[in-house]
Amino acid sequence: MLNFNYRNPTHVVFGKDRIAELDQLVPANAKVLITYGGGSVVRFGTLDKVKAALGNRTVIEFGGIEANPKYDTLMQAVEVARKENIDFLLAVGGGSVMDGTKFIALATQFDGDTTSLLHHGFAPVPVADDKVIPLGVIATLPATGSEMNAFAVVSYKGGKFPVNHPSVYPTFAMLDPELTFSLPKIQVANGVVDAFVHVLEQYATYPVDARVQDRTAEGIMRTLIEIGPITVEEPTNYEARANLMWSATSALNGMIGVGVPFDWTTHMIGHELTAIFNIDHAQTLAVVLPSVWRVLKTQKQAKLLQYAERVWDITAGDEESRVEQAIVKTEAFFQQVGLKTRLRDHGVEKAQIDTVINALEAHGMTALSESGKVDLAVSRQILDMAW
Ligand code: NZQ
Ligand code: ZN
């Protein structure tokens, strides 16, 4: 196992009918900015419940944070937060709202050029802890893990940029599976696949004898395989949605990622596909992951064999065929929940792969994967195969 530090300060408040507890979770004298997306939380009544729970606190709202939140939209919220001297942010929504709110938390008291916050890659952005506005979240879409991590992804000028800082862990994360009942099927499927791929980006690398992380990762994947199709087909199945919600949070709250190598190639290529072709985040992952594995199967062989056996019970055949069977099973699972696994099925022309390669180059994505060996030529192979 590799050396690691682990700290996760987010207080998880899990279960149904707990919105009234916001009164204890949000500081009593806080001036609160509630942030939300395109209106689902208004339509389904969540916003009214949240405001009622906040009682006499001064509350201001900022709606309209779009999927794949844009820097320009978030800066409008930053203006509001500055003008109103907001001292607590409350995100009510999916990954885009939670991520956008983390950026607002970092940018509001930032003195310099706020676009510079987008250019630190996976390194923490240089903001003093006491200049970050504390935030809480009410998650309405189980997918990204944003509710219990310190990452955000912000869209700006045709790119998607990771932003992270230890002070943007939500102080609390309210996870009520019933709030997910109103999700369109496709968003549930997206969530299943996003969570599954988060696990794999931290698992399908090379072995370091990290048994707790591996077995936990395998448990989350087997859970998603069991409940994924049910969560899509049965919107009000509370237990299925509860298991999906905790799987998605557990996939990216750091627990399975400590002490192990990580990949993130699928995500980095996927982010370019979202930015260029406006394909939903998880749908890009369903397209890219199988090809990443087929191209990198030698580098990843030991872990892919372990995955084949422990997640899909594949034990027959030679090593190469077991790896291929596991890839085929994975693709079939993505399709079963309702996602496409080919780039051309999203209307992308083969010639447009050049645009993706140019974007990867422009964003410095030239040494991806756990080995750092995925350069632009290898990314092209992956994209050609995914087409
Ligand atoms: O905007 P509203 O009206 O709320 O509608 C949203 C949106 O249209 C809707 N929705 C959310 N909850 C709902 C609901 N509709 C009905 N009922 C509900 N309960 O769902 C749509 C998609 O929402 P969005 O927040 O965009 O989806 P998701 O949670 O998948 O987030 C995607 C974003 O997260 C980033 C992605 O890159 C993308 O920008 N990620 C963040 C990560 C992180 N912070 O660690 C990691 C991920 O890999 C990912 O990159
Ligand atoms: Zn993701």
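Trainee: Why are α4 and α5 called oblique to each other?

Mentor: In this predicted model, helix α4 (residues 71-83) and helix α5 (residues 95-107) pack at an angle of about 50°, with their axes 9 Å apart. Angles under 35 degrees count as roughly parallel, over 145 as roughly antiparallel, 65 to 115 as roughly perpendicular, and the rest as oblique. The angle of about 50° belongs to the rest, and the two helices are therefore oblique to each other. The axes are lines fitted to C-alpha atoms, for helices over the stretch in contact, and angles run from 0 to 180 degrees between N-to-C directions. Residues are numbered from 1 along each chain as its sequence is written, and chains are lettered from A and ligands numbered from 1 in the order in which they are written. Local features need pLDDT of at least 70 and side-chain atom pairs count only at pLDDT 80 or more, whereas totals for chains, interfaces and linings use all residues; side-chain values use heavy atoms, with hydrogens and water left out.

Trainee: In which hand does α4 pass α5, and which residues make the contact?

Mentor: The crossing is right-handed; that term applies if the near helix is turned clockwise from the far one by less than a right angle, and left-handed applies if anticlockwise. On the α4 side, Tyr71, Leu74, Met75, Ala77, Val78 and Arg82 make the contact, and on the α5 side Gly100, Phe103, Ile104 and Ala107. Contact here means heavy atoms within 4.5 Å. By class, the contact of α4 with α5 divides into eight nonpolar residues, one polar and one charged. Nonpolar covers Ala, Val, Leu, Ile, Met, Phe, Trp, Tyr, Cys and Pro; charged covers Asp, Glu, Lys and Arg; the others, Gly among them, are polar.

Trainee: Why is Asn190 called buried?

Mentor: Asn190 of helix α6 has a relative accessible area of 6%. Buried means under 20%, exposed over 50% and partly exposed in between (1.4 Å probe, protein chains only), so Asn190 counts as buried. Leaving aside neighbours within four places in sequence, Asn190 is in contact with Asp280, Ala282, Gln283 and Leu339.

Trainee: How do you know that Glu331 counts as buried?

Mentor: Glu331, in helix α12 (residues 319-337), has a relative accessibility of 11%, and therefore counts as buried. Not counting residues up to four places away in sequence, Glu331 touches Pro290, Arg294, Thr341 and Arg342.

Trainee: Why is Asn68 called buried, and what phi does Asn68 have?

Mentor: Asn68 has a relative accessible area of 16%, and is therefore buried. Its place is the loop between β3 (58-62) and α4. Asn68 takes a positive phi of about 55° although it is not a glycine.

Trainee: What makes β4 a mostly covered strand?

Mentor: Strand β4 (residues 88-93) has six of its six residues buried. Phe88, Leu90 and Val92 are buried on one side, and Leu89, Ala91 and Gly93 on the other.

Trainee: How do you know that β2 and β4 pair?

Mentor: Two strands pair if DSSP finds at least two bridges between them. β2 and β4 are joined by five bridges in the parallel sense, and therefore they meet that criterion. Val32 has Phe88 as its bridge partner in β4. Strand β2 (residues 31-36) is also joined to β3 by five bridges, again parallel, with Val59 as the partner of Val32 in β3. Helices (H or I, at least four residues) and strands (E, at least two) are DSSP runs, numbered from the N terminus.

Trainee: What order do the strands of the open sheet have, and which are the edge strands?

Mentor: The six strands follow the order β1-β8-β5-β4-β2-β3, with parallel pairing. The edge strands are β1 (11-14) and β3, each of which pairs on one side only. From one strand to the next, the twist averages 20°.
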